[in-house]
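Please look over the sequence and the model shown here before reading the notes that follow.

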Amino acid sequence: QVQLVESGGGLVQPGGSLRLSCAASGNIFRPLSMGWYRQAPGKQRESVAQITSRGSTDYDDSVKGRFMISRDNAKDTVYLQMNSLKPEDTAVYYCKAQIAFNIYWGQGTQVTVSS
């Protein structure tokens, strides 16, 4: 089993920044792909940003140029730097890890963008 612990969510004004972290622990095998998803009230969970074990990244069009995903392989931790936040970024953000065909999810962290 793999456990994912997220941190860094909160309330921020429009235009502000937040940094999310997700640390993986447990039976971790390589390669380990990690990423972030989000789910707003009444909407389906959607992909925000993904990063492979080699560092290749992919972003949803809605966050390109504003969000940046990175990882520290030594710590099995993935980060999401979120800049120029908008009210429509408000959601619960979930960390996801994938090892082969096994997928693991974090508990989620709330991000609220409001004045």
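A disulfide is taken here as a pair of cysteine sulfur atoms within 2.5 Å, and a search of the whole structure finds one. The model is a predicted one, in which local features need pLDDT of at least 70 and side-chain atom pairs count only at pLDDT 80 or more, while totals for chains, interfaces and linings use all residues. Residues are numbered from 1 along each chain as its sequence is written, and side-chain values use heavy atoms, with hydrogens and water left out.

**Disulfide**

- The bond joins C22 to C95, with an S to S distance of 2.1 Å, and because the torsion about the S-S bond is about -80°, the disulfide is left-handed.
- C22 belongs to strand β3 and C95 to strand β9, so that the pair links distant parts of the chain, 73 residues apart; helices (H or I, at least four residues) and strands (E, at least two) are DSSP runs, numbered from the N terminus.
- Both cysteines, C22 and C95, are buried, where buried means under 20% relative accessible area, exposed means over 50%, and partly exposed lies in between (1.4 Å probe, protein chains only).

**Nonpolar core**

- A nonpolar core is a set of buried Ala, Val, Leu, Ile, Met, Phe, Trp, Tyr and Cys residues joined through side-chain atoms within 4.5 Å; the largest one has 30 residues, and L4, M34, W36, L80, M82 and Y93 are those with the most contacts inside it.
- Two or more residues each come from β1 (2-7), β3 (18-26), β4 (33-39), β5 (46-51), β7 (67-72), β8 (77-82), β9 (91-99) and β11 (109-113), and β9 gives the most, with five residues.
- Not counting residues up to four places away in sequence, M82 touches G16, S17, L18, L20, R66, F67, Y93 and V111, a contact being heavy atoms within 4.5 Å.

- Strands pair if DSSP finds at least two bridges between them; β2 (residues 10-12) and β11 run parallel and are joined by three bridges, with V113 in β11 as the bridge partner of V12.
- β9 and β11 pair in the antiparallel sense, also over three bridges, and T109 in β11 is the bridge partner of Y93.

**Aromatic and charge contacts**

- Rings of Phe, Tyr and Trp (its six-membered ring) pair if their centres lie within 6.5 Å, with planes under 30 degrees apart counted as stacked, over 60 as edge-to-face and the rest as tilted; the structure holds one such aromatic pair.
- The rings of Y37 and W105 have their centres 5.0 Å apart and their planes at 75°, so the pair is edge-to-face.
- Y37 is buried, with a relative accessible area of 16%, while W105 is partly exposed at 37%.
- A charge sits over a ring if NZ of Lys or CZ of Arg is within 6 Å of the ring centre and within 35 degrees of the ring normal; the charged end of R45 sits over the ring of Y94, 3.7 Å from its centre, and R45 also lies over the face of W105, at 4.6 Å from the ring centre.

**Loop glycine**

- G16 lies in the loop between β2 and β3 and is buried, with a relative accessible area of 18%.
- The C-alpha atoms of G16 and N83 are separated by 6.2 Å, although the two residues are 67 residues apart along the chain.
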